[in-house]
Amino acid sequence: MTATETGDATARDGATAVSGSTGPLREPVGPVHVSHTGAATASAGGLANTGHLAIDSFTLVQQAAPRTPAAWPHQVGVLPPRALSFQHRAEADQLRAAVDSGGTAVLGQVLTGTGGVGKTQLAADYARTAWDNGAIDVLVWISASSRSAITAGYAQAAVEFLAVDPGDPEQAARTFLAWLEPKAGQKPCRWLVVLDDVADPADMRGWWPPASPHGRVLVTSRRREAALTGAGRRLVTVGLFRPTEAAAYFTAVLAAHARHEPIDQIDGLAADLGYLPLALAQAAAYIIDATLTCASYRDLLAARIERLGDLLPEPGALPDDQTDTVAATWALSVERAGHLSPAGLARPMLRLAAMLSPNGIPSAVLGSEPALAYLTACRTLRAETGRRRRRLWGRRQGRARVTATEAAAVLRVLHRLSLIDHTPADPHQAVHVHQLVQRVVRDSLTPHQYNRLARATADALTAVWPEIERDTTLAQVLRANATALAHYGEDALYHKNGVHPVLHRLGRSFGNTGQVAAAVGYFERLADTADHRLGPRHRMTLGIRSDLAHWRGEAGDAAGAATAYAALLADRERVLGSRHPDTLATRNNLAAWRGAAGDAAGAATAYAELLPDWERVRGPSHPTTLTVRHNLASWRGEAGDAAGAATAYAALLEQTLRILGPAHPTTLIMRNSLARWRGEAGDAVGSAAAYADLVTDFERLLGPDHPATLAIRNNLALWQGKAGNAAGAATALAELLADQERVLGPDHPDTLTTHNNLAAWRGTAGDAAGAATALAELLEQTLRVLGPDHPTTLTTRHNLTLWRGEAGDAAYAAAGYAELLADQERVLGPHHPDTLTTHNNLALWRGRAGDALGAATTFARLLADFERILGPDHPTTLTTRHNLASWRGETGDAAGAATALADLLVDRERVLGSLHPDTLATRNNLATCRGKAGDAAGAAAAFAGLLADFKRVLGPDHPTTLTVEGSLARWRREAVDTADQPTD
């Protein structure tokens, strides 16, 4: 290189002028000195260099040109371009109405929210509007992702506004902030400083613009620590698009490219993307570029084999000058969270949350022992690397176990970085996380990590799921989380040994909280999946079929449940053998549902055959054997032998107390059954007293809100009513109903049953019209919740018909029972006990409607059916004989009725005992028929004896006792009048 003599050098604005002489250069070149040259002049903003270049040195003398401060109005920094189809949002109005609750102007505001919600666009809209309206003189926009970026932004503003030397950026920045301070005697400067995307509140330490009545500060950040909102700054949380905003935005973007899609698909896609503005923008770009429809894109999005990143534009094709895809939006926040204390736990905690419901995760799940174990296994030892790190991992893992306190702390870390919303005050739904954050986190996992995570999450859910779901809100949230997990991690929840327990727990929770139809649907899907994954002979597959059969029965299809259990029994005997406990359990369930389908005698016979097998396999004192004995006694009672059932339960209770103790649930169940069958055997007063004791014990052992406690209270009210206190029963049921609606919900089957019972006892207490009105309202609810063919719905129709008849509309009752009978024959079958009861009531109300002969004829036909189906001694058969005799009397054949009732009395005393209420009722009607047949004195004598027995059995104040007392008075008067009449 050859140097030549040069003259003066002149630099224009922002340039550098060099004047001097250069000579030949050799490499390497040492220091160069510039000397012996002419003058150099720099214009404003430039530098002029002058000097002489020597061979081994260079000396440079720089002279700064004079700078001119920018005139107002002036903008520093570049605002992001306005997004295509920008949506005006409520947050924009909130920013512009910058007044606090006391009416004072708020000069500092912080927009916070998760990545992709549109904070930057809202800030740019705010700044652009203020600038366009002439509301500000100075606008400074700084991309504030680091402290150095903030410093550089302030320094650039200082250079442009104050013409300071840029050589010391920090000093220049401080000069600019000092200039923003309001000063007396100076022209006020209306300024707005926007600090976009502050990554760490610590970066703002010392760099907050000063408070000024003429200045405003707007910060956007994903962070939400208190440090960002101190000193009078207001936090404005930016949420997701509203559904209408999302639809309008997506429609407008597509329309700009001459694309149109069905509104239902647009709405569905917006929901699939969680109404996240960034996701909607990028999905729209992908759909347009790939010429997809919304429906086809949704299909791709729903396919778990597709990663979210593969369904978004390439970084170079992002819309609106965006720099990150949705998949990359949260990466920096996750990385930063991992370094905050407690270090190394943010990513694994976010993974746990990514497998659960985005709409609310209980804090107990993420703080459970299985969750803590997973976090412990994933903890990062940041200070160690390589082989030493692996050695220390093995040694320290036990000592470095994550605590519940640390788990709670990491949730706060994730909250502060807007990766989750954490609300400790709502423990049932403490954690919310956007569904696309979850998707991105799941997409980052290897198959091994994914399966391990899914099983750990399932363990965490199972660990906190209470066996008895007293808290229905918690149960609902747990079901939502288990449903999400089953969707995201289904593959990991099946293994060669079976199905993870959380899948069973989810289905049982549906049923146990009254959602029996949902339980059926769930177990149908689970059975199909298990059959496909595990095979039809796998023990778990057979177990799921058992659950499905059970909930079919609970949903009202008792006959279908019995059929399903019969098929399951054959398969279990073939696969497991006839004496396997699962096979015996299936026989137990088959017998129960056969009984529920109407074959009480068959159920009793099946239990009698099953009992010896259980005793041989389990032993006579095993709890399961006791349960079989319990079921045998119950179905004997249902088959008509109430006294025998009561006797069997008394003996069984004694054994159960000895084996299990008084507080065992099985013992309480036995006491419940004994109380019931004592009442059915005729001792209503004793039954009510036994239930009163049971309620006290259930409340003490299980708590007042336990579903079993509520059920026992229902039984107590029932037997209080049967013991003669109908008004008391109605009051007790009204109180129970309020508690069930609070604990179980208004649509739970138990709640609906109590509604039914309350109406019935109100009617019995004298308000037949009120009972009918209540049952009409209940029927609408029952139809909505359970459907028209559910047994509870049919029972509600039965009771509504009854009480409308009792309210005076006998014709309606007769017509209503005729319609109900047709439906019950179709749904339950012609020989089901409920169908036969309706047939009985149809005949009764036909008689009350004026057709006494038709009623008698119908009862005669019914009697033949009952004797054939139930046997001559069944209580229902005896009741039908009673009704037949009574209606014969109504047709005018009082003598024939009396003869039939006398014969019936003998059989009822033999089967039920002389003091059973049904036996006493027969004596009552027999006495009446004798009086109507002309023997008033005999009727009076019969009623005198009957009254003493009613007082002893039911008490002197029971309504029936009072009715008998009135009949005695009547026939005594009739006898006197007859005696006073002259004889021929």
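Figure 1. Cysteine 378 has 18% relative accessibility, so it counts as buried, the cut-off being under 20%. Everything shown here comes from a predicted model. Cysteine 294 sits at 0% relative accessibility and therefore counts as buried too. How many disulfides does the rule give? The count comes to 0 disulfides, with the rule asking for a pair of cysteine sulfur atoms within 2.5 Å.

Figure 2. The protein chain has 984 residues, and buried residues make up 49% of them. Its secondary structure runs to 41 helices and 15 strands. Now take the contacts between residues at least 6 apart in sequence: 64% of these join residues at least 24 apart.

**Figure 3. Helices α19 and α20, a left-handed crossing.** Two packed helices are described by the angle between their axes and the distance between the axes. Here α19 covers residues 501–512 and α20 covers residues 516–533, with axes that come within 7 Å and cross at roughly 155 degrees. Parallel or antiparallel? Angles over 145 degrees count as roughly antiparallel, so that is the label for α19 and α20. On the α19 side, the contact is made by Leu503, His504, Leu506, Gly507, Arg508, Phe510 and Gly511. Facing them from α20 are Val516, Ala518, Ala519, Tyr522, Phe523 and Leu526. Sorted by class, that contact has 9 nonpolar, 3 polar and 1 charged residues.

**Figure 4. Helices α21 and α23, another left-handed crossing.** Helix α21 (residues 539–554) and helix α23 (residues 581–596) have axes that come within 11 Å and cross at roughly 15 degrees. With angles under 35 degrees counting as roughly parallel, α21 is therefore roughly parallel to α23. Which residues make the contact? From α21 there are Arg539, Ser546, His550, Gly553 and Glu554, and from α23 there are Asp582, Asn589 and Trp593. The class tally for α21 with α23 reads 1 nonpolar, 4 polar and 3 charged residues.

**Figure 5. Cis peptide bonds at proline 73 and proline 342.** Most residues other than glycine have a negative phi, and most peptide bonds are trans. Tryptophan 72 and proline 73 are joined by a cis peptide bond, with omega at about -15 degrees. Where does proline 73 sit? Look in the loop between β5 (61–64) and β6 (74–76). Serine 341 and proline 342 are also joined by a cis peptide bond, with omega about 0 degrees.

**Figure 6. Positive phi at alanine 163 and aspartate 197.** Alanine 163 isn't a glycine, yet its phi is positive, near 55 degrees. You'll find alanine 163 in the loop between α3 (147–162) and α4 (169–180). Aspartate 197, not a glycine either, has a positive phi of about 65 degrees. Aspartate 197 belongs to strand β9, residues 191–198. Buried, exposed or partly exposed? With a relative accessible area of 33%, aspartate 197 is partly exposed, since buried means under 20% and exposed means over 50%.

Definitions and conventions
Residues numbered from 1 in each chain as written. Predicted model: local features only at pLDDT ≥ 70, side-chain atom pairs only at ≥ 80, totals over all residues. Heavy atoms only, no water. Buried < 20%, exposed > 50% of the residue type's maximum accessible area, 1.4 Å probe, protein only. Axes fitted to C-alpha atoms, helices over the stretch in contact; angles between N-to-C directions. Helix = DSSP H or I, 4+ residues; strand = E, 2+ residues; numbered from the N terminus. Parallel < 35°, antiparallel > 145°, perpendicular 65-115°, else oblique. Left-handed = near helix turned anticlockwise from the far one by under 90°. Contact = heavy atoms within 4.5 Å. Nonpolar A, V, L, I, M, F, W, Y, C, P; charged D, E, K, R; others polar.
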